[in-house]
Structure formats: structure tokens, C-alpha cells
Amino acid sequence: MILKAKKTHLKEILIIEAKLEIASWSKKSIINEIENDCSYNLVSVHSNKVSGYMFGWMIANEYHLNKIVVSKNFRRKGIAKNMIEMVSNFPNLKRIYLEVSERNRIAKNLYEGFGFTKQGHRSNYYSDGTNAKMYKLEIK
Ligand SMILES: CC(C)(COP(=O)(O)OP(=O)(O)OC[C@H]1O[C@@H](n2cnc3c(N)ncnc32)[C@H](O)[C@@H]1OP(=O)(O)O)[C@@H](O)C(=O)NCCC(=O)NCCS
């Protein structure tokens with residue numbers, strides 16, 4: 001089941017976040033994102049437990065996807081695809097933008113498999129000096 005993320009999901013999100021292989025967000029940043037008026041954040045829930053989440057900003061008819069995570073035990077079951085699918089069906093949405101580390105092969109597979117196309121490159125984008133690839137999905 002995919003739901004809008006709420007503050008009640010925070011504790012479980014932080015537990016998943018603490019085990020991530022990519023840079024994690026602080027509790028304060030996650031609260032800010034949940035409370036931000038332009039945020040459209042989703043959680044995937046299985047047996048009342050958070051199995052994944054997606055954070056982003058809905059600005060006019062565009063969505064900027066800031067983070068997508070699936071808990072390690074639930075990966076490769078289509079949960080990330082389902083969350084992107086849900087936002088792509090948002091009424092009147094025209095496109096989705098995102099950046100991803102050029103080293104994140106799995107995430108790049110996810111986005112390219114979904115139909116995102118590369119739009120550019122940002123050098124030294126992440127705090128560890130890694131470059132980012134920019135992607136866009138045009139919604140038909
Ligand atoms: C990236 C991530 C969100 C994918 O979540 P997921 O629910 O496991 O992904 P899905 O099951 O929806 O898979 C969708 C596609 O992603 C790609 N993919 C997922 N896992 C993969 C793996 N282990 N190896 C290669 N490609 C993979 C495949 O193209 C897959 O499609 P397919 O199953 O039809 O081949 C998850 O691996 C994750 O949380 N990673 C850590 C956080 C992260 O890097 N987030 C992205 C940047 S913010």
C-alpha cells in the first residue's frame with residue numbers, strides 16, 4: 001500500500017535511513033520535508049511497516065524527486081517502481097526531474113528502465129565529490 005508520508009512514519013523512516021549505503025538525511029531534514037507545503041512524499045507500507053519512501057517537491061506541473069529508498073529486505077519487488085508510477089499519475093503532471101550519483105548503478109537502472117532520459121551532468125555535486133547525472137521523465 002502506498003500512502004502520503006506523515007510524521008507518524010518518521011521513526012521507521014529514520015531506522016531505514018540509518019542503514020543506508022548512500023548519504024542519509026538528518027531527522028530535522030526529514031521533518032522539514034514532511035512539513036514543507038510543496039512536498040509530495042510517499043511511503044510504501046507492508047503489514048503496517050514502512051518498506052520504502054519517496055520524497056520530492058511538486059511545483060506547478062513538475063515533480064522534483066529528491067530521494068527514493070526501499071528497505072533492504074523489500075528490494076527488487078517493484079516497490080520503487082510503484083512509488084514513481086504513483087507520482088507519474090498525479091493529475092496534470094508534465095515531467096519529473098531528479099539527480100543521481102553517477103556511481104549509483106542500481107538507481108540509474110531504475111530510472112532508465114522507467115523511461116527517464118539523461119539531461120546533463122553536475123560535477124562535484126555530492127559532499128564526497130561524486131558527480132551527479134541529471135534525469136528527466138516526460139509524462140505522456
Ligand atoms: C534504488 C532503490 C530505491 C530501488 O528500489 P527497489 O524497490 O528495489 O527497485 P524495484 O524493485 O522497483 O526495481 C526497479 C528496477 O531497478 C533496477 N534494479 C533494482 N535493483 C537492482 C539491482 N540489485 N541490480 C540491478 N538493477 C536493479 C532494475 O532495473 C529494476 O527493474 P527490474 O526488476 O524490472 O529489472 C533501492 O535499491 C534503494 O533503496 N537503494 C538505496 C537508496 C538509493 O540509492 N536511492 C536512489 C538515490 S536517492
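Guide: The model is a predicted one, in which local features need pLDDT of at least 70, side-chain atom pairs count only at pLDDT 80 or more, and totals for chains, interfaces and linings use all residues. Residues are numbered from 1 along each chain as its sequence is written. The names of the elements follow DSSP runs, with helices (H or I) of at least four residues and strands (E) of at least two, numbered from the N terminus.

Two strands are said to pair if DSSP finds at least two bridges between them. E7 pairs with E5 in the antiparallel sense over seven bridges. It also pairs, again antiparallel, with strand E6 (residues 117–122), here over five bridges. Arg 122 stands opposite Ala 132 of E7.

These pairings belong to a wider arrangement. An open sheet of seven strands has the order E1-E2-E3-E4-E5-E7-E6, and its pairing is mixed. Its edge strands, each pairing on one side only, are strand E1 (2–4) and E6. From one strand to the next the twist averages 30 degrees, where axes are lines fitted to C-alpha atoms, for helices over the stretch in contact, and angles run from 0 to 180 degrees between N-to-C directions. Elsewhere in the sheet, E3 and E4 run antiparallel and are joined by eight bridges. In that pair, Tyr 53 stands opposite Val 69 in E4.

Two helices reach E7. H3 packs on the sheet and touches E1, strand E2 (42–46), E3, E4, E5 and E7; its direction makes about 35 degrees with that of E3. H4 packs on the sheet as well, touching E5 and E7, and its direction makes about 155 degrees with that of E5. Contact here requires that the C-beta atoms of two residues, placed from the backbone, lie within 7 Å.

Of its 10 residues, the number buried is one, so H4 lies largely in the open. A residue counts as buried if 20 or more other C-beta atoms lie within 10 Å of its own, as exposed if 12 or fewer do, and as partly exposed in between, with C-beta atoms placed from the backbone. After H4 comes Gly 115, with a positive phi near 110 degrees. The place of Gly 115 is in the loop between H4 and E6, and this glycine is partly exposed, because 15 other C-beta atoms lie within 10 Å.

A residue is near a molecule or strand if its C-beta atom, placed from the backbone, lies within 6 Å of it. The ligand is surrounded by 21 residues, of which the closest are Arg 75, Ala 80, Lys 81, Asn 109 and Leu 110. The elements that give two or more residues to this shell are E4, H3 and helix H4 (105–114). H4 supplies the largest share, five residues. By type, the shell divides into 11 nonpolar, four polar and six charged residues; Ala, Val, Leu, Ile, Met, Phe, Trp, Tyr, Cys and Pro count as nonpolar, Asp, Glu, Lys and Arg as charged, and the others, Gly among them, as polar.

Finally, the chain as a whole places this part in context. It has four helices and seven strands, in the pattern β-α-α-β-β-β-α-β-α-β-β along the sequence. Buried residues make up 26% of its 140 residues. Of the contacts with a separation of 6 or more, 52% join residues 24 or more positions apart. The C-alpha trace spans about 40 × 35 × 30 Å along its principal axes.
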